[in-house]
Amino acid sequence: MNLQTIRKKIRDIIREPDETGFYNNDEINDWINEGQREIARKTQSLTETAYINTEKGKTEYTLPDDFLNEMFIKFNGEKLYETSKERAIEEGEKLEGYHYYYIWDNSLFLTFEPGISEMYIGYFRVPNDMTEDLDTPDIPTKFQDALVDYGVYKAKMVDRMFNEAEVFKRDFNDKLRDIMSYSKKPSSKQWKVKRL
């Protein structure tokens, strides 16, 4: 589905075929994008990788704009381990020689001086906003119907039709649970039974 198709499905349910009604396209587009961000945040289903060039004496690095949460961080091919900001501050000198990191306010902080090298980051990302009618969601096609439920839920809330809004919010949450369950299913390799 593209943005126009999702918006049309929402308009069909709320019985507002075009912008001559109460809702303009931009408002509905905002709800669709908000729903997609909510799905990405809760399911952590969109992944990305990035390289960061480290510098001598520098321990703070800005994370990519679409960063949501880290999967792994490697420095010189070795995995870095996460620590808390509090521990890094309290135990500063005790952590010397160990390669830890923590994330604070969209920045990555290292507990060691990296020198000139490169870090490799695998992370969960925020989806791209859809702005043009032919833009498609970043989430998989099989989960895109949830965006319709979310858009209708938002319209019903604005209309103060709270009981109907609750039905669509529940449908959205049910689909969200299905997405989360689907993303955590073991691969077919894990299902194989070993013969004795």
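Let's start with aspartate 12 and lysine 8, whose side chains meet in a salt bridge with N to O at 3.0 Å. Here a salt bridge is a side-chain nitrogen of Lys or Arg within 4 Å of a carboxyl oxygen of Asp or Glu. Both residues belong to helix H1 (residues 3-14), where they sit 4 residues apart, about one turn of the helix. Helices (H or I, at least four residues) and strands (E, at least two) are DSSP runs, numbered from the N terminus. Aspartate 12 is partly exposed at 45% relative accessible area, while lysine 8 counts as exposed at 51%. The cut-offs are under 20% relative accessible area for buried, over 50% for exposed, and partly exposed in between (1.4 Å probe, protein chains only).

Please keep in mind that this is a predicted model, in which local features need pLDDT of at least 70, side-chain atom pairs count only at pLDDT 80 or more, and totals for chains, interfaces and linings use all residues. Residues are numbered from 1 along each chain as its sequence is written, and side-chain values use heavy atoms, with hydrogens and water left out.

The whole structure holds 13 salt bridges. Side chains of opposite charge can pair when their charged atoms come close. One of these pairs is arginine 177 with aspartate 174, whose closest N and O atoms are 2.4 Å apart. Both lie in helix H5 (residues 162-183), 3 residues apart, about one turn of the helix. Arginine 177 is partly exposed at 49%, and aspartate 174 is partly exposed at 32%.

Another salt bridge joins lysine 58 and glutamate 55, with 4.0 Å from N to O. Lysine 58 has a relative accessible area of 33% and is partly exposed; glutamate 55, at 42%, is partly exposed too. There is also a network of salt bridges that links Glu38, Arg41 and Lys42.

## The chain as a whole

The protein chain has 6 helices and 8 strands. Along the sequence they follow the pattern α-α-β-β-β-β-β-α-β-β-β-α-α-α. Of the 196 residues in the chain, 39% are buried.

Consider the contacts (heavy atoms within 4.5 Å) between residues at least 6 apart in sequence: 70% of them join residues at least 24 apart. The accessible surface of the chain comes to about 12400 Å², and carbon and sulfur atoms account for 46% of that area. Accessible areas come from the Shrake-Rupley method with a 1.4 Å probe; for residues, only the protein chains shown count as cover.

## A mixed sheet of four strands

An open sheet with mixed pairing is built from 4 strands in the order S2-S7-S6-S5. Its edge strands are S2 (60-62) and S5, each pairing on one side only. Two strands pair if DSSP finds at least two bridges between them. Strand S5 (residues 81-82) runs parallel to strand S6 (residues 100-104), joined by 2 bridges, and glutamate 82 stands opposite tyrosine 101 in S6.

S6 then pairs with strand S7 (residues 107-110) in the antiparallel sense over 4 bridges. The hairpin of S6 and S7 has 2 residues between the strands, and aspartate 105 takes a positive phi near 50° there.

## Serine 107 in strand S7

Which residues stand opposite serine 107? Tryptophan 104 does, and threonine 62 is also a bridge partner of serine 107. Serine 107 is buried, with a relative accessible area of 8%.

Leaving aside neighbours within four places in sequence, serine 107 is in contact with Glu60, Tyr61, Thr62, Leu63 and Tyr102. With glutamate 60, the side chain of serine 107 makes a polar contact of 3.3 Å. A polar contact is a pair of N or O atoms within 3.5 Å; within protein, one must be able to donate a hydrogen and the other to accept it, and residues adjacent in sequence count only if both atoms are side-chain atoms.

## Aspartate 138 in a loop

Aspartate 138 sits in the loop between strand S8 (117-125) and helix H4 (145-158) and is partly exposed at 24% relative accessibility. A polar atom of its side chain lies 2.7 Å from the backbone nitrogen of asparagine 128.

Not counting residues up to four places away in sequence, aspartate 138 touches Gln36, Leu46, Arg125, Pro127 and Asn128. Aspartate 138 and valine 126 are 12 residues apart in sequence, with 9.3 Å between their C-alpha atoms.
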